[in-house]
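Hi everyone, thanks for making time. I'd like to walk you through one model today, so let me put it on the screen.

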Amino acid sequence: MNNKSERNSLQNAIAVLCAFMMCLSMLASPAFALKAHAEPNDYQPPLALKTLWEQNHHVIGGLFIPGTTVCYPILQHPSIDDYYLNVSLDGTEGLPGSIYTNKVEGQNFNTFNTVIYGHNMRDGSYFGSLRLFRDPDYLSDHREIYVFGADAMHIYEIFAVVIYTDERITDYFPDELVEYRTAFLQSLQSDSLEGSILLTDVPVDPNNGHILTLSTCITDMPNNRLLIVAAEKAL
């Protein structure tokens, strides 16, 4: 990579971090600061995210989709699956709950398929704005997803918007075996319903790659889920 490309990549990363920090600052009180790093090995999580960790130790990272309303901490209960379906960051029970993963995913976003769940809120908050991705034009302008973890920032590019079954993905397609990873990728086409969007311009490696799946319910389709699936990009 030449110096100009390196500068552009760094500037883009800093811009994304700044936007994410501004968004998270609405959730985390006190002042916040950003230390930009030129090398991935120098990554440090945003201070606002550290503030949320202090508020709730179950926070494992932050999720941000530029140009959308999706900018939330990601939670994971250490022993109870779906605990945060209807429990908020501050422990309040009921809607809107939280953006969360289950313990099978681990906490470092290094499994093949990290599945993140959230409610489809009518006001567009939480995963309510994911319905916008069913519009091909909207999708073309909002392809990237950012995850800020404890040890690294991950950038993903969306390659599928799928109307899927409501079965738990990790029960049917465990990450441990490559054949299950491949089967999940194939199911995005074979098991999707009309209105799904599958793009072929993003390479996905079931052997060594990583994907992110955002999952939410669909209004008037109680037996289906909307999946936004993205492949991690090399930094």
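I'll start with the overall picture, then go to the aromatic rings, a histidine and a strand.

A word on the source: this is a predicted model, where local features need pLDDT of at least 70, side-chain atom pairs count only at pLDDT 80 or more, and totals for chains, interfaces and linings use all residues. Residues are numbered from 1 along each chain as its sequence is written, and side-chain values use heavy atoms, with hydrogens and water left out.

The protein chain has five helices and nine strands; these are DSSP runs numbered from the N terminus, helices being H or I with at least four residues and strands E with at least two. Of its 235 residues, 48% are buried, meaning under 20% relative accessible area with a 1.4 Å probe, protein chains only, while exposed is over 50% and partly exposed is in between.

Now the rings. How many aromatic pairs does the structure hold? There are six, where rings of Phe, Tyr and Trp (its six-membered ring) pair if their centres lie within 6.5 Å, with planes under 30 degrees apart stacked, over 60 edge-to-face and the rest tilted. Tyr 72 and Tyr 126 form a stacked pair, because their ring centres are 4.5 Å apart and their planes at 20°. Tyr 72 sits in strand β2 (residues 71-75) and Tyr 126 in the loop between β4 (113-117) and α3 (136-141), so this pair ties together parts 54 residues apart in sequence. Both Tyr 72 and Tyr 126 are buried. Elsewhere, ring pairs link Tyr 164, Phe 173 and Phe 184 into a cluster.

With 12% relative accessibility, His 77 counts as buried. A polar atom of its side chain lies 3.1 Å from the backbone nitrogen of Ser 79, and one lies 3.0 Å from the backbone nitrogen of Ile 80. Leaving aside residues up to four places away in sequence, His 77 touches His 58, Tyr 83, Tyr 84 and Lys 103, a contact being heavy atoms within 4.5 Å.

Finally, strand β6 (residues 153-165), where 11 of 13 residues are buried. Strands pair if DSSP finds at least two bridges between them. β6 runs antiparallel to β5 (residues 144-148) with five bridges, and the two form a hairpin with four residues between them. With β9 (residues 221-232), β6 pairs antiparallel over nine bridges; Glu 157 has Ala 231 in β9 as its bridge partner.

Technical notes: Polar contact = N/O pair within 3.5 Å; in protein donor to acceptor, adjacent residues only side chain to side chain.
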